[in-house]
Amino acid sequence: MKFSLIAIVATLYSPTMAFITPSVSNKCSSTQLQTSALESLADITTLSIDSGDIDTVARYAKTGLITDATTNPLFVSQAGANGDARYEAMVQEAVTYAKRKTCAEDGCPVPEDTLNLAIDRLAVNLGKELVSLVPGRVSTEVDIRLSYDTDKSVERARSIIAMYEDAGISKDRILIKLAGTWEGVQAAKVLEKEGIQCNITLVFSFLQAAAAAQAGAYLISPFPGRILDWHKKQTGLEGYAPEADPGVLAVKRMYAYFRKYQYDTICMPASWRPSRGAAVEGSDVDEILALAGVDEMTIPEPLLNSLCALSPDVVKRNCDATTDAAACNDPDFRLTEESYAQYWKTDVCGQEKLKEGMDAFTAETEKLITILIEKF
């Protein structure tokens with residue numbers, strides 16, 4: 001089994017999410033961290049924080065519960081527009097670096113390769129800051145627009161790793177994030193063989209998870225809350241019992257498959273919703289508690305605060321490697337590009353939610369391009 005990973009992952013495609021997290025009155029105190037549901041959960045599941053705010057990351061890293069971090073197009077775009085001097089310096093360095101490598105003079109044309117390099121450099125700059133705050137790994141995402149191009153995804157991933165290594169940061173501190181398309185999974189397969197470990201994100205179906213595990217991906221990020229959203233829209237139901245939440249069941253199926261067939265791939269759910277509906281008190285952490293015991297989780301600050309306010313007694317192990325593996329009924333069918341495509345045609349939830357996520361991240365990338373062009 002691979003060693004534990006904690007990642008700080010963005011809340012996906014939320015247009016209202018601020019890059020700098022506002023202050024809240026119920027932030028966890030050091031005392032709460034020792035007596036709450038949060039610490040009980042950390043005893044059985046590796047935890048992560050879902051935040052793009054450097055100060056928030058630093059504060060939680062000091063608790064010892066959070067060790068790793070991630071970036072994604074949303075956070076990088078917000079860094080480009082933030083205005084905070086720390087992020088502005090990252091943007092300016094990225095532009096200067098890209099111009100020096102591809103464009104000799106100020107005011108020169110800004111070709112696509114220059115912009116692409118500036119995008120990746122900004123992601124690396126943000127990642128470098130996070131590396132300085134946490135002792136573990138940082139995830140950096142390959143341009144979402146390349147998610148259906150294996151070769152170009154591999155090329156950009158190698159370039160990102162090279163920039164980190166030029167800065168004195170070993171590749172074993174970095175995870176490359178790739179979207180859960182067939183092509184993204186195949187890029188991960190190539191990179192993993194080179195010792196570049198990958199995080200397959202935007203996972204909404206068992207099919208994506210199985211393909212990622214068979215490719216040897218280090219980690220997947222499934223999104224139970226987004227899966228729940230889709231099912232609520234289809235059924236018209238306002239809520240589910242947490243143990244019957246379709247998103248929870250989807251993640252448990254992925255986890256059981258990994259454990260039954262001894263895949264090393266880590267299952268790290270992210271993006272949470274209230275199973276029973278937002279009007280039910282305490283429901284904001286329904287899915288988190290229902291998946292307690294899974295390999296890892298990434299949780300945003302408001303939900304960490306909610307866990308801090310709860311008794312440790314609410315945490316029960318609901319995912320167990322041995323028990324869930326024994327209950328797994330899925331065969332270890334070997335996927336090919338052709339068989340994957342046939343199964344994918346029937347996976348409406350996966351298709352719709354993957355497209356939604358990719359479209360949102362593409363929009364964030366395009367916003368960032370506009371910001372960067374103004375800096376040249």
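**Entry 1. Conventions**

I take a polar contact to be a pair of N or O atoms within 3.5 Å; within protein, one must be able to donate a hydrogen and the other to accept it, and residues adjacent in sequence count only if both atoms are side-chain atoms. I note that this is a predicted model, in which local features need pLDDT of at least 70 and side-chain atom pairs count only at pLDDT 80 or more, while totals for chains, interfaces and linings use all residues. Residues are numbered from 1 along each chain as its sequence is written, and side-chain values use heavy atoms, with hydrogens and water left out.

**Entry 2. Start of helix α2**

I looked up S36 and L38 together. The backbone nitrogen of L38 lies 3.2 Å from a polar atom of the side chain of S36. I place S36 in the loop between α1 (30–35) and α2, and L38 in helix α2 itself. Helices here are DSSP runs of H or I with at least four residues, strands are runs of E with at least two, and both are numbered from the N terminus.

I recorded the accessibility of each residue, with buried meaning under 20% relative accessible area, exposed over 50%, and partly exposed in between (1.4 Å probe, protein chains only). S36 counts as buried at 2%, and L38 is likewise buried, with a relative accessible area of 2%.

**Entry 3. The buried side of α2**

Which residues of helix α2 are buried? In α2, residues 37–44, I list A37, L38, S40 and L41 as buried. They lie on the same side of α2 because they cover an arc of only 165° around the axis; the arc is that of the directions from the helix axis to the C-beta atoms.

I checked T140, which is found in strand β3 (residues 138–141). T140 is buried at a relative accessible area of 0%, and a polar contact of 2.6 Å joins its side chain to that of Y164.

I then turned to L65, in the loop between α3 (54–61) and β2 (69–70). L65 is buried, with a relative accessible area of 19%. L65 and I49 are 16 residues apart in sequence, and their C-alpha atoms are 9.2 Å apart in space.

K101 belongs to helix α5 (residues 85–102) and is exposed, with a relative accessible area of 52%.

**Entry 4. Cavities**

I searched for cavities on a 1 Å grid over the protein atoms alone, a cavity being a set of points where a 1.4 Å probe fits but cannot get out; lining residues have an atom within 4 Å of a point. Grid points are joined across faces, edges and corners, and a volume is the space filled by probe spheres set on the points.

By this rule I count three cavities of 30 Å³ or more. The second largest cavity holds about 50 Å³ of space. Its lining consists of E141, V142, D143, I144, L146, S147, S153, L178, A179 and G184.

I sorted these lining residues into five nonpolar, three polar and two charged. In this scheme Ala, Val, Leu, Ile, Met, Phe, Trp, Tyr, Cys and Pro count as nonpolar, Asp, Glu, Lys and Arg as charged, and the others, Gly among them, as polar.

**Entry 5. Cysteines**

How many disulfides does the rule give? I count zero disulfides, where a disulfide is a pair of cysteine sulfur atoms within 2.5 Å. The cysteine sulfur closest to that of C267 is in C319, and at 7.8 Å it is too far for a bond. C267 is buried, with a relative accessible area of 0%, and C319 counts as buried at 1%.

**Entry 6. Positive phi**

Most residues other than glycine have a negative phi. I noted two residues against this background.

Q262 has a positive phi of about 60° although it is not a glycine. Q262 is found in the loop between α11 (246–260) and β7 (266–267), and counts as exposed at 68% relative accessibility.

S271 has a positive phi near 70°, and is also a residue other than glycine. I place S271 in the loop between β7 and α12 (286–290). Is S271 buried or exposed? S271 is buried, with a relative accessible area of 4%.

Terms used. 1 Å grid on protein atoms, 1.4 Å probe; cavity = no way out; pocket = protein on both sides within 12 Å on 5 of 7 lines; lining within 4 Å.
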